Amino acid sequence: MSHFLSYFRFRLRMVRHGLAIRRSDFIKSLFLPAFFLVVGSCMFVFLFKAFRFFQSFDLVGEILIGKLLALIFFIFFLFLVLSNINGVIKWFLTQEDLSFLLTNPVSTSTLFWTRSVEALLESSWAFLLFSIPVLMAYYTALFTFKPSFLLSILLLLPYALIPYGVAFLIVIVLARFLSPRLIKRAFSLLFVLLSAALVILFRAMEIEKLARPESFAYVYDYVRYLSIPAHPLLPTHLFLKVVVFLAKGGEPNVLIDLGLYLSYAGAVLTLAYWTSEAFYLRSYMNALVSSRTAKGDPLGSALKFIPERSRFLVLKEAKNLKRDPKEWSQVLLVFALIFVYVYNFKSFPRDRTALPGVFLESLLAFLNMGLLTFVVGAISVRFAYPSFQLEGRPFWLVLTAPVDVKQIYYGKLTFYVVISLVLALTLNCLSNHFIASPSFLYYLSFGYIILAALVCPVMAFYFGTRNINLREAPNPYGGLGGLLTMLSILSFTLCTLALLGWSSYAILVQSTAGLRIATELLVRFGATCGMVLVGSFVFMHAMRVKTVKQLKRIEL
């Protein structure tokens, strides 16, 4: 127990020291908690209205709400297992201070409990943060709020302990035979595949049909879609039984369910502890001696048609992404995003709106341009924003070599601009096929999308190098700089589309009506396009110059 307390006292001193050093960044550090608080509040409002809406269905409302709640926590459980696998690998097998701790007179049991607390907090904080709004929305939407509902928050801790124990068992057993890097890559890929499958599944279900009275014929299909693996002894089932009891009461066997639920958490954690005592040291030694086998470079052979200097830069960028599974595996999410994006326009109920045809077509075309900019911006933040941060400490070799930093910057920029252009033009072609927009807006959308594909990577590189620290690992979620990038892209989108919409709508109305387009309208449209182009290129030039200066001032 003394070792346990000493360890966390030391960790607390590290946190205090870090806060003292970054006292000037205190306001920035409050930005992310405020952001997640806003996201949690939005989740609460959305689910509150959804539960209230489903409650209005006389016969099946309560069934749909129960199925939806079970599905949410079942998905939470799966993601908790995958998240905890990465946490266990980090804190038990690859953390740099493990060699120091294991050479001190510290027992493996003390190491298990201390590292378990850290791994659990790091892997489950998002679950704890986002599951509270789900429970509160369920209680307040269907029942009169009572203080006893707050007891359900305490049930979230055993619910987080069960997937942690499962993940610990999987990692320690597999680490006896496989390297941690291979385990992490395999489960990271599984994590992204599951995320992409869920995105596609929820969109393909077309749950918005339930908002129409004639859709009650689909209720059976939705109940079937929302079904999850169910058994009276599964932890998810037991957890929800206790949650429903706190809301409605009248469950005679709730103490048995609660006892089984808590016993699951205790049993899984005990089994994880026994596994740690039996296999941990051997698994850690296997992690130390495991190595990768050098393989050929098929990508380099496939890209021989590219000039040599450019080819090496492309290969380096590809290897930077391939080095970390959190980077390359999320390409699958891009394809899921493409499917959802195109499917939204395909299933848009155009026949159910009373808006004029010209206005609706214009609205859909400009909405398509705005959403495309958001998609390209999100891809830029995810991949272009951390590009220089991914270089890590070896980047000093480049900065001290007789190589112009501007050349590296423009090479990276070209790489990501090409990717953005291919993605944006593909999505624009597919979405315009289903929108059937007028030819005038069709060609205007292509011009705007090309401009957006140029602007988004430039913004991402500017904010990605603003406070770059090569000694730290890149934040996979972008952090404060990623949020600022998206806000800047949003501002650019709103300003540009407002100007283009103001100058082009009158032209569209007259051309659709078969009238001769007034000269002043064409002049106004041309002047607006010129102003947008000049402003965008001046803005990009300023950001490019500033980014190159920031790269030259990087501290090694």
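## A salt-bridge network

Asp97, Arg115 and Glu118 are linked in a network of salt bridges. The model is a predicted one. Asp97 pairs with Arg115, and their closest N and O atoms are 2.8 Å apart. This pair links distant parts of the chain: Asp97 sits in the loop between helix 3 and helix 4, Arg115 in helix 5, 18 residues apart. Asp97 is partly exposed, at 23% relative accessibility. Arg115 is buried, with a relative accessible area of 0%.

Glu118 also forms a salt bridge with Arg115, with the closest N and O atoms 3.5 Å apart. Both of these residues are buried. Glu118 and Arg115 are separated by about one helical turn, because they are three residues apart in helix 5.

## The remaining salt bridge partners

A search of the whole structure finds three salt bridges. One of them joins the side chains of Glu122 and Lys90, at 2.7 Å from N to O. Glu122 lies in helix 5 and Lys90 in helix 3, so the pair ties together parts that are 32 residues apart in sequence. Glu122 is partly exposed, with a relative accessible area of 34%. Lys90 is partly exposed too, with a value of 30%.

## Overall fold

The protein has 21 helices and zero strands. Of its 556 residues, 44% are buried. Contacts reach across the sequence: among those between residues at least 6 apart, 82% join residues at least 24 apart. The accessible surface comes to about 29600 Å². Carbon and sulfur atoms account for 70% of that surface.

The largest nonpolar core holds 69 residues. Phe51, Phe73, Phe92, Tyr138, Tyr139 and Phe239 touch the most other members. Several helices each supply at least two residues of this core, including helix 2 (26-55), helix 5 (108-142), helix 10 (235-248) and helix 11 (254-289). Helix 3 gives the most, with 18 residues. Leaving aside neighbours within four places in sequence, Phe239 is in contact with Phe73, Leu135, Leu155, Leu156, Tyr159 and Tyr261.

A second, separate core contains 57 residues. Among them are Val342, Ile489, Ile507 and Cys529.

## Aromatic pairs and a cluster

The whole structure contains 32 aromatic pairs. Phe112 and Trp113 form one that is edge-to-face, at 4.9 Å centre to centre and 75° between the planes. Phe112 counts as buried, at 0% relative accessibility. Trp113 counts as partly exposed, at 36%. The Tyr138 and Phe143 pair is also edge-to-face, because the ring planes are at 70°; the centres lie 5.8 Å apart. Tyr138 is buried, with a relative accessible area of 5%. Phe143 is partly exposed, at 22%.

Phe112 and Trp113 belong to one aromatic cluster with Phe92, Tyr164, Phe168, Tyr273, Tyr280 and Tyr284. Ser276, in helix 11, touches two residues of that cluster, Phe112 and Phe168. Ser276 also touches Thr108, not counting residues up to four places away in sequence. Ser276 counts as buried, at 2% relative accessibility.

## A nonpolar surface patch

Val173, Phe177, Leu178 and Leu182 form a nonpolar patch on the surface. Together they have about 390 Å² of accessible area. Leu178 is found in the loop between helix 7 (156-174) and helix 8 (180-204). Leu178 is partly exposed, with a relative accessible area of 34%.

Leu499 is placed in helix 20 (residues 479-512). Leu499 is partly exposed, with a relative accessible area of 31%. Beyond neighbours within four places in sequence, Leu499 is in contact with Thr528, Met531 and Val532. Thr528 is 29 residues from Leu499 along the chain, yet their C-alpha atoms are separated by 6.7 Å.

Cys429 lies in helix 18 (residues 405-435). Cys429 is partly exposed, with a relative accessible area of 37%. Cys429 and Tyr442 are 13 residues apart in sequence. In space they are 9.1 Å apart, C-alpha to C-alpha.

Note on methods. Residues numbered from 1 in each chain as written. Predicted model: local features only at pLDDT ≥ 70, side-chain atom pairs only at ≥ 80, totals over all residues. Heavy atoms only, no water. Patch = residues over 30% accessible without salt bridge, like charges linked within 9 Å, V, L, I, M, F, W, Y side chains within 5 Å. Areas by Shrake-Rupley, 256 points an atom, 1.4 Å probe, with all protein chains shown as cover. Salt bridge = Lys/Arg side-chain N within 4 Å of Asp/Glu carboxyl O. Helix = DSSP H or I, 4+ residues; strand = E, 2+ residues; numbered from the N terminus. Buried < 20%, exposed > 50% of the residue type's maximum accessible area, 1.4 Å probe, protein only. Contact = heavy atoms within 4.5 Å. Core = buried A, V, L, I, M, F, W, Y, C linked by side-chain atoms within 4.5 Å. Phe/Tyr/Trp six-rings, centres within 6.5 Å; stacked < 30°, edge-to-face > 60°.
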